[in-house]
Amino acid sequence: MRILVTGGAGYIGATAVDVLISEGFHVSILDDLSTGHRTAVHPTATFIEGSLLDPASLSQALNGCEAVMHFAGKSLVGESVEKPDLYWNINVNGTRALLDEMRKQEISQLVFSSSAATYGAPEEMPISELAQASPTNPYGVTKLAIDEMISQQTQDFGLSAISLRYFNVAGALKGSRGWLPEKHNPETHLIPNLLKSTELKPIHMYGTDWPTPDGTAIRDYVHVTDLVQAHIQALRSLEIGKHRIINLGSGRGYSVREVLTATASFLGRSVPHIESPRRSGDPMTLIADISQAKEVLAWVPTRDISSMVADTAHSLEIV
Ligand SMILES: NC(=O)c1ccc[n+]([C@@H]2O[C@H](COP(=O)([O-])OP(=O)(O)OC[C@H]3O[C@@H](n4cnc5c(N)ncnc54)[C@H](O)[C@@H]3O)[C@@H](O)[C@H]2O)c1
């Protein structure tokens, strides 16, 4: 079976390509390398360098495919606040173009990278898929708009789709070509930034006065290898005419201080950091309810925070 992986030169997409190829899938990649890396492109995949918004590239990329894993898009919350139109254009219009071309080429199977950012800051924890979606930034708004668009197209044109709402993805896979690191620029994720923190450029720990056991905010982290496994199980669980929305996290929370401690313990030294005031808009706690993933995908996360820290460190050669 040939599958199109959009964003297959990015952090999660490249990891998915590696696993798909090792499981015997044929893979085509569509990526414009705007945040992805040429070196991350798997040598045996068919690579189309181009944008979702370029009809010729899209049509060529989908040629001969039976399914799509759609990772491509913009995903920096701060940048989305500065450039909401760019986020709407690439994420929403790009996905609309993808769905239109899939329909033209009669490709109906889709697994989409949605996000916990669709929920905003719900009060009830853990967050189930039934929680009111109320995104607090343009990035989350685009992911919610895409989920709604996929639901509509599933009804109208009989797509088989699953949107996977990721919480915080971390770690790395040592694949057939070595480590596949997370290389965002700027990097906004906690674990790589803790690992890169130095006395000269210490990481800021925003908010140490939350009413949590250690005063810092709590988030849910999932290892990228577990996450990719869930995509493969999602692909196998697609049902004609159905769009499911499923959370992916580990189902447990780690405080910022716990992640810092895990990092220090891995490094065998303290991690330089500055305790700073809370950032506006940051919720106190975000933890996924992953019962749907367990039930529908028969998936359970297997890697904990220490392996996410260790694998990130190895992949970034910080050891
Ligand atoms: N990393 C996380 O913790 C996380 C959490 C929730 C959701 N997600 C979602 O997962 C997906 C992958 O995230 P990532 O961390 O791998 O990001 P990434 O930036 O590493 O990968 C995105 C890829 O999409 C490509 N791309 C961007 N715009 C494109 C376009 N117009 N046409 C073709 N390709 C384009 C980029 O070049 C890049 O290779 C994104 O959709 C993101 O919103 C990620």
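Predicted model: local features only at pLDDT ≥ 70, side-chain atom pairs only at ≥ 80, totals over all residues.
Q: Got it. So which residues come nearest to the ligand?
A: There are 29 residues around the ligand, and D31, T35, F71, Y139 and K143 come nearest.

Q: You mentioned D31. How far is its side chain from an oxygen atom of the ligand?
A: An N or O atom in the D31 side chain sits 2.5 Å from a ligand oxygen.

Q: And what about H184 and G10?
A: H184 places a polar side-chain atom 2.9 Å from an oxygen of the ligand.

Q: Nice. How much of the ligand's area does the protein bury?
A: The protein buries 96% of the 820 Å² that the ligand exposes when taken alone.

Q: What's the shell made of, by class?
A: The shell around the ligand has 14 polar, 12 nonpolar and three charged residues.

Q: Which element gives the most to that shell?
A: That's β5, with three residues. Helices α1 (11-22) and α5 (138-157), like strand β5 (109-115), each supply at least two.

Q: Switching topic: what does UniProt annotate for residues 3-249?
A: The unreviewed entry has "domain: NAD-dependent epimerase/dehydratase" over residues 3-249.

Q: And how much helix and strand is in that span?
A: The span 3-249 is 36% helix and 23% strand, and its end C-alpha atoms lie 24 Å apart.

Note on methods. Residues numbered from 1 in each chain as written. Heavy atoms only, no water. Near = heavy atom within 4 Å. Polar contact = N/O pair within 3.5 Å; in protein donor to acceptor, adjacent residues only side chain to side chain. Areas by Shrake-Rupley, 256 points an atom, 1.4 Å probe, with all protein chains shown as cover. Helix = DSSP H or I, 4+ residues; strand = E, 2+ residues; numbered from the N terminus. Nonpolar A, V, L, I, M, F, W, Y, C, P; charged D, E, K, R; others polar. UniProt positions renumbered as here; feature names shortened; annotations may be inferred.
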